[in-house]
Amino acid sequence: RLRPGAEGRLSVSLPGVGVRRSWDTPSLRALRGRIAADGDESKSPSIEQLDALREFAGIAAGASAPDSLATLAFLYMCLAVSAKYGDVPSVDIVVWSELPTGAGLGSSAAYAVCLAAALLMLCGAISCPLQEGQSTARWTEEELTLINSWAFRGEQVIHGNPSGVDNAVGTWGGALRYQAGKITPLKRVPTLRILLTNTKVPRSTKVLVAGVKEKILKFPAIMNPVLDSIDAISQECQSVLEAMPANPSPEHYPVLEEFFDINQHHLNVLGVGHPSLDRLCQVTASHSLHSKLTGAGGGGCGITLLPPDTSPLAVEAAKQDLCACGFECWETKIGAPGVTLHSCSSLSAQVLHALAQS
């Protein structure tokens, strides 16, 4: 949420990570000149620029807590966008999210995308697409491309060397295919109901990736066919999704459920499973539902497909059993739209209350 702020002050509130900061705009302008924020959205943030921002914000070198990284990304994006498109704005910005941080759900990318859209609109680089009487609106393809490129810069501040997948999904929504660094949106994606479950088991993507690499080098004749099979599942799954209508009926689901099961077994073979994820799959299977890990594995989150004919009682029972394991569970959808501008009147009471508290 953006609101005009006190003249000469820029404020940011991130209640989810406990950040509430405010700076005077003359100091930010001086900092912008000092770090030579040139506003080129294709350039990665330099070590020198990030060091200067850390010093300005009082963030220790090497600090990797969400509050430090979120503040750093905010300052960097604000100064770099304003360097290209206008002056440092006097506004109050609140970013509130239901996404947990560090669970492999792309919360940092969602943050970077929203921030990029807000700052670009504020500086006049993209339009305000909301017309009188509309509750929500989205930007043009060209404007979304610009939002995505700046969001990627924010992700670089937070992660160093991100793939660009999370910010692309956050910008365009729907579903994307990612192969060898190339991102292509799927033509059509049905909206699929899922349970999203956080096992709350922490994991390191870096360690998991290194383990998979080691296994492939050790047993290439065994592991490469597994990777080929996972690739084939992805290709088949894309064909099935693109052939499904927008609101699929139950008969479209059995093949997706089989893909979930086969894929999860393959991921265990690669070594990215975890007893908590096995438990998640067992619990949902006892309710005739099919699950797999999502993200890096080794803990983190799993998704469970909810066909349209799943009874509300079965969903509720599965959620209760998952929560009894100490997991956190949400019912949500995949295939939803990407970054969107909302009028205040279109927001739920819960969101309005959260923003008012910030």
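Two strands pair if DSSP finds at least two bridges between them. Strands (E, at least two residues) and helices (H or I, at least four residues) are DSSP runs, numbered from the N terminus.

This is a predicted model, where local features need pLDDT of at least 70, side-chain atom pairs count only at pLDDT 80 or more, and totals for chains, interfaces and linings use all residues. Residues are numbered from 1 along each chain as its sequence is written, and side-chain values use heavy atoms, with hydrogens and water left out.

**Exercise 1.** Find the bridge partner of I194 in β10.

Solution. Start with the strands: β8 (residues 192-198) and β10 (residues 301-305) run antiparallel, joined by five bridges. Now locate I194: its partner in β10 is L305.

**Exercise 2.** Work out which strands stand at the edges of the open four-stranded sheet.

Solution. Write down the order: β9-β10-β8-β11, with antiparallel pairing. β9 (290-294) and β11 (328-334) each have a single partner strand, so one side of each lacks a neighbour in the sheet. These two are the edges.

**Exercise 3.** State which strands helix α9 touches and at what angle to β9 its direction lies.

Solution. Contact means heavy atoms within 4.5 Å. Helix α9 (residues 253-270) packs on the sheet and touches β8, β9 and β10. Its direction makes about 45° with that of β9. Axes are lines fitted to C-alpha atoms, for helices over the stretch in contact; angles run from 0 to 180 degrees between N-to-C directions.

**Exercise 4.** Which residues does F74 touch, not counting residues up to four places away in sequence?

Solution. F74 touches L10, V12, W23, I93, Y111 and L115.
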